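Walk through this model with the structure open beside the text.

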Amino acid sequence: MANQRESMHIDPYERTWILVSILMLIVFFGAITVAGLSFGVRVPDPVARVNPNKLEESITFAEPGLKEVAPKRYEAYIVAQTWTFNPAEITVPAGSIVKFYVTSRDVQHGFKLQNTNVNMQIVPGQVSSLMVKFDEPGEYDFICTEYCGIAHATMYGKVIVTP
Ligand code: CUA
């Protein structure tokens with residue numbers, strides 16, 4: 001046994017890089033933990049499934065748009081389709097908390113909301129959701145971030161936050 005242990009010689013450089021790799025993993029794990037707990041960075045989760053061919057029959061997406069669920073609390077139901085968002089514009093007062101529910105009618109799209117940490121993949125049949133608090137009045141553009149065809153670059157909308 002003692003002989004085997006002696007034969008496990010690790011070069012000092014190799015040892016250093018093994019330690020650096022382990023240290024990097026610890027730093028990355030710490031960064032993800034801090035981002036998740038302190039900065040509200042969340043992985044968008046598929047919250048529900050819908051039939052993309054029958055959105056008209058869906059309770060939530062038959063009439064997409066903004067729904068007020070409590071004072072300054074909203075749910076925004078948005079349908080992505082080639083090459084528009086429906087609705088392409090929503091307006092809320094500053095201080096509002098908006099939970100976005102986005103799905104696709106046809107192909108895969110993206111939903112990135114400027115100056116927030118919302119950036120979701122929108123897959124037909126699946127509802128992606130993230131929540132945002134709009135503290136500052138202004139206009140927040142949202143764009144499609146996944147190539148979805150010839151007019152992909154024209155696919156955008158905005159959230160207007162009024163004072
Ligand atoms: Cu929709 Cu790109």
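Five strands build it, in the order 5-11-10-7-8, and their pairing is mixed. Strand 5 and strand 8 stand at the edges with a single partner strand each, so one side of each has no neighbour in the sheet. On average, neighbouring strands of this sheet are turned by 20 degrees against each other, direction ignored. The model is a predicted one.

Strand 7 and strand 8 run antiparallel and are joined by four bridges. Here His109 stands opposite Ile122 of strand 8.

Now turn to strand 9. Strand 9 is mostly covered, with seven of its nine residues buried.

Gly95 lies in the loop between strand 5 and strand 6. Is Gly95 buried or partly exposed? Its relative accessible area is 23%, so Gly95 counts as partly exposed, because buried means under 20%. Beyond its neighbours within four places in sequence, Gly95 is in contact with Lys72, Lys133, Phe134 and Asp135. Gln108 is 13 residues from Gly95 along the chain, and their C-alpha atoms are separated by 31 Å.

Next, the interior. Nonpolar side chains tend to be buried together in soluble globular proteins. The largest nonpolar core in this model has 26 residues. Phe85, Phe100, Phe111, Leu113, Met120, Phe134 and Val159 have the most contacts inside it. Several strands each supply at least two residues of this core, among them strand 5 (89–93), strand 7 (109–113), strand 10 (138–143) and strand 11 (156–162). Strand 3 gives the largest share, four residues.

Leaving aside neighbours within four places in sequence, Phe111 is in contact with residues including Ile78, Phe85, Phe100, Val102, Met120 and Phe142. A second, separate core has seven residues, including Leu55, Tyr77, Tyr101 and Val127.

The aromatic rings come next. How many aromatic pairs does the structure hold? There are eight. One of them joins Phe61 and Tyr77 edge-to-face, 5.6 Å centre to centre and with 85 degrees between the planes. This pair links distant parts of the chain. Phe61 sits in the loop between strand 1 and strand 2 (65–70), and Tyr77 sits in strand 3, 16 residues apart. Phe61 has a relative accessible area of 3%, so it is buried. Tyr77, at 8%, is buried too.

Phe134 and Tyr140 form another edge-to-face pair. Their centres are 5.0 Å apart, with 70 degrees between the planes. Both Phe134 and Tyr140 are buried. Phe134 and Tyr140 also belong to one aromatic cluster, together with Phe85, Phe100, Phe111 and Phe142.

Finally, step back to the whole chain. The protein is divided into domain 1, residues 2–38, and domain 2, residues 46–162. Taken over C-alpha atoms, the centres of domain 1 and domain 2 are separated by 42 Å.

Definitions and conventions: Residues numbered from 1 in each chain as written. Predicted model: local features only at pLDDT ≥ 70, side-chain atom pairs only at ≥ 80, totals over all residues. Heavy atoms only, no water. Domains from an automatic or database assignment. Core = buried A, V, L, I, M, F, W, Y, C linked by side-chain atoms within 4.5 Å. Buried < 20%, exposed > 50% of the residue type's maximum accessible area, 1.4 Å probe, protein only. Contact = heavy atoms within 4.5 Å. Pairing = 2+ DSSP bridges. Axes fitted to C-alpha atoms, helices over the stretch in contact; angles between N-to-C directions. Phe/Tyr/Trp six-rings, centres within 6.5 Å; stacked < 30°, edge-to-face > 60°.
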